[in-house]
Amino acid sequence: MTKVKIKRSILARLIPGVTSLTRKGPSGWMVILGTIIVSALVIMTVIAPWIAPYDPTKTSVGPIREPPSPQFPMGTTHLGQDMLSRILCGGSIMLQVSALSVLVCFLIGVPLGLFSSYVGGSFDKACSLVIDAVYAFPGLVIAIAISAMLGRGVVNMALSIAVVYIPSYFRVVRSQVLSIKELTYVEAARGIGAKWHAILFRYVFPNVIPSIVVVATINFADAILTAAGLTFIGLGVEIHIPDWGRDLTSGWEYLSSGAWWIITFPGLMVILLALGFTLIGEGLSELLNPKLQR
Amino acid sequence: MGLRSYIITRILLTIPTLLLLLSMVFLIMRVLPGDPVALHFEKKATPEQMESMRRALGMDEPLWTQYIEYLGGLVDIGYILEHGYPNLGKSMQTFEEVGGQIFSAFPATLELAFYSMIIASVIGILLGVISSKSYNSILDHLIRGVGTVTYAVPIFFLGIVFQLIFGVYLRWLPTGLRINPAVDAPATITGLYTVDSLLQGNLFKFFESSKALLLPSLTLGIILSGMFIRMTRTNMLETLRLDFVTAAKARGLKESTVTYGYALRNAFLPILTVMGLQFAILLGGAILTETTFSWPGLGRYIVDRINFRDYTAIQGAVVLFGLFVTFVSLVVDILYAYLDPRIRL
């Protein structure tokens, strides 16, 4: 009984949410389209082991580098693996890496930004100086350096990407808190004797959430592209693991053979996934930009 | 504050940033779990071999001493005057000076970065202005769509597609290297092939090196243009709503004068700042573009060194990337202050 009620209340909130988004014009549609793309790819990745026609890691299930045919709709790789099965299963690594790196960024960047800007003074100055130095540095170069030292693997990739994006969270949170903490309602909370952590997390934090969501979606898209980049230069997962970035790289290594299908399909999947998150992020940031509201 | 004192303050402020940046690189490459010497040999060496490499590279000394030597090497004027580049230590693979290798690879990256930046700004600013002028029309949505898609395309994927179409199928353009291997590289003056061949009045070499540059810089430029479109569009939209634009229109000025002479000029400042920040992204993209096109620059160098597990060389290249980005952001800030006197207040 309670389950049904909860479901109804979620639906009741969701439907007006979606319809109000469609009324916001193209930015609203971007958010909807992005959400559909991302959800579809996540669902596909989750159910892939059951729907994939072949074992994606199994070699020689067909002839090597066979162009798309009825039996192998996306062709086969240079090891004779079924491309379609690898495409279906290949999102898992990227989704894991990007989700983990977003989580790490969120858990470090947000509290640090909240605390630093609320406390202010020399602690804030020191934090900002360090963060700005990281922010100014070419992200991929830091990720490469850290990845090279930590070695391959999902967690190591996620950590090296997280270091690059923590500054974005810190900076957004900081600039928001600096203006929010001067508002009257925060002053009122302080007046009634609220403790600093209550003010920070119960009064200030909720107002920062929208900006964090925008940063997080853009961070997701960037993390996917960075993960693909790290894989491309040889710092990604092992070759047999189905991964879009990995397959794209092997396709490039055999470029002169003209096997376009080994490059095109994984490439399009990476674009689609990154595009999904970019659409959400860009749509939201436009919806939330007060300067563009008429 | 006058422009001169602003510049001096800004240069002085660069010192702590640089120090932080260099310490960060040291922290990543030396202090982070993972001993570079052990990683280099992949556990396939005897303790004696590892010890002798540590001694040869000065890694047997305490971390603190290594840190001082690392920073000292960068400011050792005597060494720089003698060699023409700072002391960045020795390669773990070849035991050659890393500084020399890096500085000979750098011009290729600089040339690629320069042309990509031009392509990105021209495409980005032009499309951004058009998009903002036709706000909420089909053209606007189309340009925004293009911008969003370029942002989501992995740079090396675009490079590979270009290579496949223009190199493998159509055979119009070379798919790698800085100049046709049958043509000698122009004599080094600046290290930028296009500039050097023009300085020597050799139009043929200029044409050949431009041809080799076209695909890589187009790849990098197109990917970057997405962010320029977005920035220009947002800033132009904000500016076009301001009173001075309405006033200019009311005075009957030509549409193009209002757009380019009034609005874009004012919207340009924030775009310029972003251009400075984009430079860091551009260098990251250059690593992938160089790898795709076998472009013998700094990015290609890093990737090669990763394969050899040559950690001292990787560290040197990362340091140079950091120095370069810091320098560019310094120049952009000074330019900004020159263009917008309010900054100097």
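Predicted model: local features only at pLDDT ≥ 70, side-chain atom pairs only at ≥ 80, totals over all residues.

Trainee: Is the crossing of α8(B) and α10(B) left-handed or right-handed?
Mentor: Right-handed, for α8(B) passing α10(B).

Trainee: Which residues meet there, between α8(B) and α10(B)?
Mentor: From α8(B) you've got B:Ile155, B:Leu158, B:Gly159, B:Phe162 and B:Phe166. They meet B:Leu215, B:Thr219, B:Leu220, B:Ile222 and B:Ile223 in α10(B). By class, the residues of this α8(B)–α10(B) contact are eight nonpolar and two polar, with no charged ones.

Trainee: OK, new topic. How many helices and strands are there in chain B?
Mentor: Chain B has 14 helices and zero strands. Its C-alpha atoms fill a box of roughly 80 × 55 × 40 Å along the principal axes.

Trainee: And what does the secondary structure of chain A come to?
Mentor: Eleven helices and zero strands for chain A. The box for the C-alpha atoms of chain A is roughly 75 × 50 × 40 Å, again along the principal axes.

Trainee: How many residues of chain A are in contact with chain B?
Mentor: 42 residues of chain A, and they touch 42 residues of chain B. On the chain A side, the elements that give two or more residues are α5 (121-136), α6 (139-150), α9 (196-232), α10 (244-253) and α11 (260-288) of chain A.

Trainee: Which of those gives the largest share of the chain A side?
Mentor: α11(A), with ten residues. Sorted by class, the side of chain A that touches chain B has 33 nonpolar, seven polar and two charged residues.

Trainee: Let's zoom in on one pair. How do α6(A) and α14 of chain B cross?
Mentor: α6(A) and helix α14 (residues 311-339) of chain B cross at roughly 160°, and their axes come within 10 Å. That makes the two roughly antiparallel, because the angle is over the 145 cut-off. The crossing of α6(A) and α14(B) is left-handed.

Trainee: What residues make the contact of α6(A) with α14(B)?
Mentor: A:Val141, A:Ala145 and A:Ala148 come from α6(A), while B:Ile314, B:Val318 and B:Phe321 come from α14(B). The residues of that contact divide into six nonpolar, no polar and no charged.

Trainee: Last one: where's the kink in α7(A)?
Mentor: At A:Val164, shortly before the proline A:Pro167, and the kink is about 40°.

Trainee: What span should helix α7 of chain A have, and how far apart are its end C-alpha atoms?
Mentor: Helix α7 of chain A runs over residues 154-180, which is 27 residues. At 1.5 Å a residue those should span 39 Å, and the end C-alpha atoms are 37 Å apart, so the two agree.

Note on methods: Residues numbered from 1 in each chain as written. Chains lettered and ligands numbered in written order. Contact = placed C-beta atoms within 7 Å. Helix = DSSP H or I, 4+ residues; strand = E, 2+ residues; numbered from the N terminus. Nonpolar A, V, L, I, M, F, W, Y, C, P; charged D, E, K, R; others polar. Expected span 1.5 Å × (residues − 1). Bend = angle between axes of the 7 residues up to and from the residue. Left-handed = near helix turned anticlockwise from the far one by under 90°. Axes fitted to C-alpha atoms, helices over the stretch in contact; angles between N-to-C directions. Parallel < 35°, antiparallel > 145°, perpendicular 65-115°, else oblique.
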